Amino acid sequence: MKFIIKKITGLIIALLIVSILAFLAFEIIPGDPARTILGTEATEAKVEALRDEMGLNRPLTVRYGEWVKNFVSGDMGTSYSYQIPVKELIADKIPITVTMTVMSFLFIVLLSIPLGVLCVYYENHMLDRIFLALNQVLMSVPPFFIGMLLTVLFGLVFHFFTPGGYISYTENLAGFLGYLLLPSLAIALPKAAMTMKMLRSSMLDQLGQDYVRTAKSRGNGPWRVLFVHVFKNGFLPVITFLGVMIADVIANSIVIEQVFGIPGLGRTLISSISKRDYPVVEAVIVLIAIVILVTNAVVDLLYRKLDKRIEI
Amino acid sequence: MLKVENLSIWFDDRGSMEQAVKGISFSMEKGEILGIVGESGSGKTMTALAIAGILKKNAVLESGRIEIEEKELLSMTGQQMRKLQGKEISMIFQEPMTALNPTMQIGRQVEEALLLHEKMTRKERKEKALEALKDVELENVETVYKKYPHELSGGMRQRAMIAAAVICRPKLLIADEPTTALDVYTQEEILKLLKKLNRKYGMGILFISHNLRVVKELCSRVLVMKDGEILEEGTAEGLFARPKTRYTKELVEAIPPRQTNSAYYGLFKEKAGGVHGE
């Protein structure tokens with residue numbers, strides 16, 4: 001319980017810091033939302049009048065305080081460029097990005113765990129070597145490039161899907177999931193390679209431990225040794241790694257959305273940054289931070305649950 | 001019951017092959033406690049691991065036979081060997097902290113041999129495991145069953161190790177320096193326990209140690225090993241009274257006098273017994 005309270009306090013502090021930094025960032029970088037709305041032709045007086053109207057001339061602390069107050073009560077403000085509430089603007093984008101992140105994560109777990117265990121079983125055999133070499137390649141290629149390769153291969157050569165032909169989840173759920181398959185795979189492949197390599201070396205390390213010898217002396221076969229004894233111990237450090245990776249998966253999804261033309265949060269974020277649409281950017285950044293922080297807290301909890309040596 | 005003939009083991013030490021065990025032969029009667037003494041690198045642990053069938057991959061069995069109850073172990077397939085491991089041959093190790101799985105409850109580890117070798121329900125296994133924990137003189141066995149290794153003391157861990165090893169009533173228990181990592185008081189307790197189990201179940205014990213005093217206390221017969229060979233073999237009493245080789249004589253002379261030990265033991269007990277006011 002104490003652990004949970006501590007985690008939540010830390011989470012709130014981290015969110016405050018993230019939101020302050022996001023606010024400050026727009027103070028520092030050049031560009032003015034009022035100017036963006038009115039265009040370069042507008043007179044200085046007109047821009048100034050609009051800035052006043054938008055409340056941009058008030059001190060930063062006042063604006064920040066007001067933003068926090070509204071955000072907590074569920075009001076994320078109104079988008080400058082679309083003139084609709086931010087909530088409405090991002091509400092139908094969230095499921096897209098969340099689905100893609102979850103799918104990527106599933107790919108990472110479903111690819112890395114069985115292959116990692118297989119490589120440990122066949123350590124230094126042909127299979128293990130092939131996967132290690134493949135791993136090396138996958139780890140060094142950035143997701144957007146894998147995304148481009150997949151698009152060319154499955155879109156233009158095999159015609160499995162139409163590049164850029166995004167299907168909305170409101171129209172056709174199966175089509176939507178199908179369209180997200182390749183982008184998710186593009187995000188997942190390098191991460192799965194890393195996770196697998198880590199799991200492999202972590203489990204090999206465990207295989208040299210004394211308790212493995214004890215398990216063998218009891219008549220445990222090689223597979224049982226791996227799954228019942230070594231896996232849990234070897235997987236523990238990987239859990240922390242997976243938690244950290246969530247942030248990376250989300251960051252990569254922003255790029256991948258561009259490559260595959262998916263209208264998710266990432267695309268909204270990038271277009272809002274260039275339009276200096278502060279309320280949208282603030283909201284998206286804080287939402288992403290919430291997701292990352294919460295998943296990391298969950299990972300910590302899970303770790304503690306699995307490894308009893310860590311006191312809660 | 002156990003017959004080892006002309007056993008030779010080499011091991012690959014980063015490319016160079018070294019002979020760890022040089023064609024040794026010995027045998028053990030049913031229910032006997034046989035000690036093997038020798039310094040590190042004498043080949044005693046290699047011999048034990050070979051009998052238990054858990055030699056590391058870098059060890060190569062060159063020749064020899066190991067028979068247990070007329071069954072030859074070295075020609076067995078892995079699967080045939082696994083049927084004996086934990087059921088007829090068990091092993092306990094020096095460091096009970098690392099020899100137990102850190103993320104598995106004690107009870108699960110104790111009953112694992114039953115899961116592998118006997119057809120039992122989960123409940124039956126648990127009952128047997130609790131019984132086994134009582135058998136090794138642990139208290140509050142229901143609580144211990146649910147504990148993890150790090151939550152127990154060194155002595156309790158070694159007891160749990162023993163419970164796990166003897167739960168299927170093996171004919172042979174190989175004990176590789178099981179008391180070395182423990183304090184003198186706990187050492188005595190574990191030795192007593194091993195003696196009790198030996199008598200109660202007629203279980204043969206192959207006791208490996210570098211500590212002659214401990215071996216003298218527990219074993220009826222002793223082998224002295226050095227550089228992969230058996231130098232001397234005899235009853236514990238005989239060996240200590242009339243060592244035949246110079247090496248054994250040196251070993252015997254190196255034992256601290258009994259008095260010193262009991263004095264230390266007494267002192268320790270007093271402390272452990274609780275000097276209350278500081």
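This is a short exchange on how terms apply to a predicted model.

Trainee: What are the ground rules for numbering and confidence?
Mentor: Residues count from 1 along each chain as its sequence is written, chains are lettered from A and ligands numbered from 1 in the order written. The model is predicted: local features need pLDDT of at least 70, side-chain atom pairs count only at pLDDT 80 or more, and totals for chains, interfaces and linings use all residues.

Trainee: What makes β9 and β10 of chain B a pair?
Mentor: Two strands pair if DSSP finds at least two bridges between them. Strand β9 (221–226) and β10 of chain B have six bridges, in the antiparallel sense. They pair, therefore, by that rule. One bridge links Met225(B) to Ile230(B) in β10(B). Strands here are DSSP runs of E, at least two residues; helices are runs of H or I, at least four; both are numbered from the N terminus.

Trainee: Why is β10(B) called an edge strand?
Mentor: Because β10 (229–235) of chain B pairs on one side only. β6 (89–92) of chain B is the other edge strand. The open sheet runs β6-β7-β8-β3-β9-β10 in chain B, with mixed pairing.

Trainee: Which strands does helix α8 of chain B lie across?
Mentor: Helix α8 (154–166) lies across β6 and β7 (172–176) of chain B, at about 170° to β6(B). Angles run from 0 to 180 degrees between N-to-C directions; axes are lines fitted to C-alpha atoms, for helices over the stretch in contact.

Trainee: How many bridges join β4(B) and β5(B)?
Mentor: Two, in the antiparallel sense. They form a hairpin with two residues between them. Glu69(B) in that turn has a positive phi of about 50°. Glu67(B) bridges to Glu72(B) in β5(B). β4 (59–68) of chain B also has eight bridges to β1 (2–13) of chain B, again antiparallel.

Trainee: What does contact mean for chains A and B?
Mentor: Two residues are in contact if their C-beta atoms, placed from the backbone, lie within 7 Å. The contact takes 19 residues from chain A and 23 from chain B. α10(A) gives the most to chain A's side, seven residues.

Trainee: How does that side of chain A divide by residue type?
Mentor: Three nonpolar, eight polar and eight charged. Ala, Val, Leu, Ile, Met, Phe, Trp, Tyr, Cys and Pro count as nonpolar; Asp, Glu, Lys and Arg as charged; the others, Gly among them, as polar.
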